[in-house]
Amino acid sequence: MSTAAVNEMEFEAAEAPPLHRRIAGFVRRNPNLSLGLLMVSVIIFVAIFAPWIAAKDPAELNVVTGRLKPPSAEYWFGSDRFGRDVFARAIFGGRISLTVGITVALLAVFIGLMVGLLSGYVRQIDAWLMRIMDGLMAIPGLLLAIGFIALLPAGIETVIIALTIPEIPRVARLVRGVVVVTREITYVEAAVAAGAGTARVIFKHIMPNTFAPLIVQATFVCASAMLSEAALSFLGAGTPPEIPSWGTMMADGRSYLSSATWIILFPGLFLAATVLSVNLIGDGLRDLLDPRFAKEV
Amino acid sequence: MTEAATSGGEPLLKVSGLKTHFPIRKGVLAHVTGHVYAVDGVSFEIERGETFGLVGESGCGKTTVGKTVLRLIEPTEGSIEFEGRDITRIPREEMRRLRQRMQIIYQDPYSSLNPRMKAADIVGEPLKVHDIASGGALRERVAALFERVGLRPEQLDNYPHQFSGGQRQRIGIARALALSPSLIVGDEPVSALDVSIQAQVINLLMDLQEDYELSYLFIAHDLAVVEHISQRIGVMYLGRIVELTDKRTLFSNPLHPYSEALLSAVPIPDPGVTREDRVILTGDVPSPIDPPKGCHFHARCPYATERCRMESPSLKEVEPGHWVSCHLHDGSAADAAEPRPETEGQMENLNP
C-alpha cells in the first residue's frame, strides 16, 4: 500500500517537470514551430510599438540634405529619394503586411469554412458551389486580385477583399474534403438518429474535425497574402503609395537598385523573414496536429 | 414476454414490401448506371415488447433494413408503419421529432461516439436536442441513465477514449435509452465485443426491455446471440427475408434451404461431437448489384429446380406463424426435384 502510494507520487512528480524544463522540451520537439513563433512575436511586437522604436517619423521628408543616404548612425537603414528614414518606414510597413495577412487569413478561413461545410454536407448544392470554386481557382490569384482592385475604390480594405477571394476556394476544398470523410463516421449518423438538427450535426459534430487542418492552412494563407500584398503594391495596384508598406517601398526603390540598394533590401528582408516565420509556424503546427507528418522524437 | 408479443392489437412496427436501392453513379455527369438492391422487398412486423431478430450473412441487407426503418436511409419503395402511423414519407422535421420514439444502438462502440464529447454530453444529447431537459435536470437524468446501464456517475465527464469497449457500448445504450423510446434497433450491438462482455450487454438489454417495455429489432449474424434474445427471427438472404418464424421453430425445424445451411453452421461446443447434418453451401453470395433471376438463392441451393431459376418465390405462411419464401414449400411442390421427407409431411398437412 505504502509503496504504491510512493510510486504514485513519483509518477506524478515525473509528469510535471518545472516550467522551464517543459518549455525546453517543447522547443526541442518542435524546433520549427518555436523559431517561427519567436520570430513572429518579435515582428508583431516591433510593428505594434513602431512609433516608440523608430526614432524618426516615417513620413518625415528631408529632401534637402537627407536624400539617398546609405545606412549610418542617423539613418540605420539609410534613406530614400525623399530623405525618409527606411528603418522607420520598414517597421511601420510591417503593420500593413501583418494586418493584411492576418485579416485575409481570418476572412478566407471563415468564408471558406462555411462554403466547405455547406458543400460537403448538403449534397444538392455541392456540385454548384464546387464549380464556382473551380472557376475562381482557374484564374491566377494575383490577376483576380488586380481585377477586383480595378473595380473597387483604392484602399487597404480593397486589397484585403481582393486577396481574400482567391484564397477562399483552397480553404473550401480542404474543408469539404474533411466533411465528406467525417459525415460517414457513425457518430454523425448517431447524432441524426438521436434527433439532432442539421445545424447541430454540422457545427457540433463535423466542424471540429476541420480545425486542425484549417489552422495550418490559415498560416499559409497569411503568408501568401503578405507576399501578394507586397506584389500588388509593387505593381502599384495595392496599398496607396502614401502609406508605407513593404511593397510600396520596394516599388519606390526599384529605380535606385544599383545606387541605393538599401531602399529595396531592407523591406525585402523584412518581408522574407515574416513570410518564412509564418510558414515555419504552419509547418510546425502541421507536425504537431497531424501525427502522420510528425518526425520521430 | 412472449405472451405480450403474441397478444392482439396493432403491431408496434409494420414493414411492408420495403425496398432500398442505392443508385450507382458514374462519370462526370454522375448519371445512374445501375442500382445496389440492398433491400428488395422485405415485410415483417414487431409487436410491442417483442424482440425480433434479423439474421443473415454480411452484405445481405440486414443493417440497411434497420437504418431504413429509422429513415436514416430513405426507402425506395414499400411502407413503414410505426405505432399505427405511416412514416415512410413524413417530412424531415416531423421525423426528427418522432426519433424520440425510435432509437438505435450501433455495432462499433468506437466510431459511434464522438471522441470530442464527454460521455455525459453524448448520453444527454437526445434529451437536449428534443428540449426535454437542460442544465442540472439534464445532468441528473444522465447520471440516472449511467447508473441504469452500469456505469459510474464519476465517469460522467470522461471522454470516450477513457472507457473500455464494453463500457463504450453501455454509453451507446444509455444514449438510445435516454428518450424512453418504444423501439430500439440494435445493429449488431454486441458483435464487436468480447464474448464475456457480450453476455453482460445482452443481459442488460434484456433487463432494460422488461423495465421499459422496449421492442427490439435485433440485427446480428451470431445465431446463438439471436436465439438467446429474440422471440421471433427473420432470416435474410440477398435483400429478402427467406424465412420468418419464432425461434423455437426456426432452430428445430428450419424449412428454407438457406436457413438449414445457416443453422448447421452453428458450432457444437463439444470437440468430441461432429455434426452429421452439416450443409455446406458452394459458391459465393451473388452481387446485390445484379441479383440472379428467380429465387435469389437458386445458384447455391442444393434443391433448386427450373422453377427456382425463373420465378421468384414469395413469402408464404406454411404453418401458423411460420413464413417461408421457397418453391419447395408453397404447396405446389409437384415439380420440386426431391422434396425432403420431413417437408413432405408438412405439405400434406397443409394441403389435405
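This is a predicted model: local features need pLDDT of at least 70, side-chain atom pairs count only at pLDDT 80 or more; totals for chains, interfaces and linings use all residues.

User: What makes β6 and β11 of chain B the edge strands?

Analyst: The open sheet of chain B holds 8 strands in the order β6-β7-β8-β3-β9-β10-β12-β11, with mixed pairing. Strands β6 (102-105) and β11 (316-319) of chain B each pair on one side only, and these are the edge strands. From one strand to the next, the twist averages 20°.

User: How do you know that β3 and β8 of chain B pair?

Analyst: Two strands pair if at least two bridges are found between them. Strand β3 (residues 51-55) of chain B is joined to strand β8 (residues 215-220) of chain B by 5 bridges, so the pair meets that cut-off, and the two strands run parallel. Within this pairing, Phe52(B) stands opposite Leu217(B) in β8(B).

User: Which helix lies across β6 and β7 of chain B?

Analyst: That is helix α6 (residues 165-177) of chain B, which lies across β6 and β7 (183-187) and runs at about 175° to β6(B).

User: What makes up the side of chain A that touches chain B?

Analyst: In this contact, 15 residues of chain A meet 19 residues of chain B. On the chain A side, α9 (186-194) and α10 (198-206) are the elements that give two or more residues, and α9(A) provides the largest share, 8 residues. The residues on that side divide into 9 nonpolar, 4 polar and 2 charged.

Methods
Residues are numbered from 1 along each chain as its sequence is written. Chains are lettered from A and ligands numbered from 1 in the order in which they are written. Helices (H or I, at least four residues) and strands (E, at least two) are DSSP runs, numbered from the N terminus. Axes are lines fitted to C-alpha atoms, for helices over the stretch in contact, and angles run from 0 to 180 degrees between N-to-C directions. Two residues are in contact if their C-beta atoms, placed from the backbone, lie within 7 Å. Ala, Val, Leu, Ile, Met, Phe, Trp, Tyr, Cys and Pro count as nonpolar, Asp, Glu, Lys and Arg as charged, and the others, Gly among them, as polar.
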